[in-house]
Amino acid sequence: MLIDIDRLPKEGLRLVRDFEFLNLDLVEENAVFLEPAHAEIAVRLIGEEILVRGEITARLSFVCSRCLTPFEFPVASKFDLVYLPEELDALSEELSDEKIDQMYYSGRQLDLRTVVLEQLNLTFPAKPLCSAGCEGICAVCGELIRDAKCSCLVKESDPRWNKIKFNVRDKS
Ligand SMILES: [Zn+2]
Ligand SMILES: [Zn+2]
């Protein structure tokens, strides 16, 4: 949904809205929306800067990167952003570290849908885990270790063996 910058009321704009995104839009390829993303957003124009402040809540289903079990991933994310007109970007010659993260709007418009999607994607972990201590799948039988479905004995190797291996490698 496009916000027309020049038609923003002086006191700003408040929006409460559900956004439907395609799972394809998400950086996490195995994520599925369990319900639409709900966003409450306030937009204000101060000089040429657009201030966007808001909150996104959503429920998604992720797939654990260790045990491959789907699990629910709730999102409750607050954000506070400043968008500068794109013309400023063209003027600034050198990119400092700060400016790399700077966001811009162009054509006197801001697409809130894109803003919400970007913020949503930022909340996703690089490696989704069903729980911090997920033990994943047994390398021997392929069953979940967590549910004790697997009875294979995968033990840490005896440190004395490590020493022997080390010695062998030393000699070669
Ligand atoms: Zn897991
Ligand atoms: Zn096993």
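Analyst: V82 is found in strand β5. Strands here are DSSP runs of E with at least two residues, helices are runs of H or I with at least four, and both are numbered from the N terminus. Before going further: this is a predicted model, where local features need pLDDT of at least 70 and side-chain atom pairs count only at pLDDT 80 or more, while totals for chains, interfaces and linings use all residues. Residues are numbered from 1 along each chain as its sequence is written, chains are lettered from A and ligands numbered from 1 in the order in which they are written, and side-chain values use heavy atoms, with hydrogens and water left out.

Back to V82. With a relative accessible area of 32%, V82 is partly exposed; that label sits between buried (under 20%) and exposed (over 50%), using a 1.4 Å probe and protein chains only. Setting aside neighbours within four places in sequence, V82 is in contact with E49, I50, Q102 and M103, contact meaning heavy atoms within 4.5 Å. V82 and M103 are 21 residues apart along the chain, and their C-alpha atoms are separated by 6.9 Å.

Now the sheet around it. Five strands form an open sheet with mixed pairing, in the order β2-β3-β4-β5-β6; two strands pair if DSSP finds at least two bridges between them. β2 (13–19) and β6 (103–105) each have a single partner strand, so they stand at the edges with one side left without a neighbour in the sheet. On average, neighbouring strands are turned by 25 degrees against each other, direction ignored. Helix α3 (residues 112–122) packs on this sheet, touching β2, β3, β4, β5 (70–85) and β6, and its direction makes about 125 degrees with that of β5. The axes behind such angles are lines fitted to C-alpha atoms, for helices over the stretch in contact, and angles run from 0 to 180 degrees between N-to-C directions.

Moving along the sheet, β3 (residues 32–46) and β4 (residues 49–63) pair in the antiparallel sense over 12 bridges, with E40 opposite E55 in β4. Their hairpin has 2 residues between the strands, and G47 there takes a positive phi near 65 degrees. β2 and β3 are antiparallel too, over 7 bridges. You can follow a row across: D18 has H38 in β3 as its bridge partner, and H38 in turn has T57 in β4.

Finally, the metal. The zinc ion (ligand 1) is coordinated by the SG atoms of C64, C67, C130 and C134, at 2.2 to 2.3 Å; donors are N, O and S atoms within 2.8 Å of the metal (3.2 Å for Na, K and Ca), and water is not among the atoms, so sites may look incomplete. The 4 donor atoms subtend angles of 105 to 113 degrees, which makes the arrangement tetrahedral, a label for four donors if all angles lie between 85 and 135 degrees. C64 lies in the loop between β4 and β5, and C134 in the loop between α3 and α4 (159–171), so the pair ties together parts that are 70 residues apart in sequence. C64 is buried at 0% relative accessibility, C67 is buried at 5% and C134 is buried at 8%.

Key
Four donors count as tetrahedral if all angles lie between 85 and 135 degrees; four count as square planar and six as octahedral if opposite donors are over 155 degrees apart and all others between 65 and 115; anything else is irregular.
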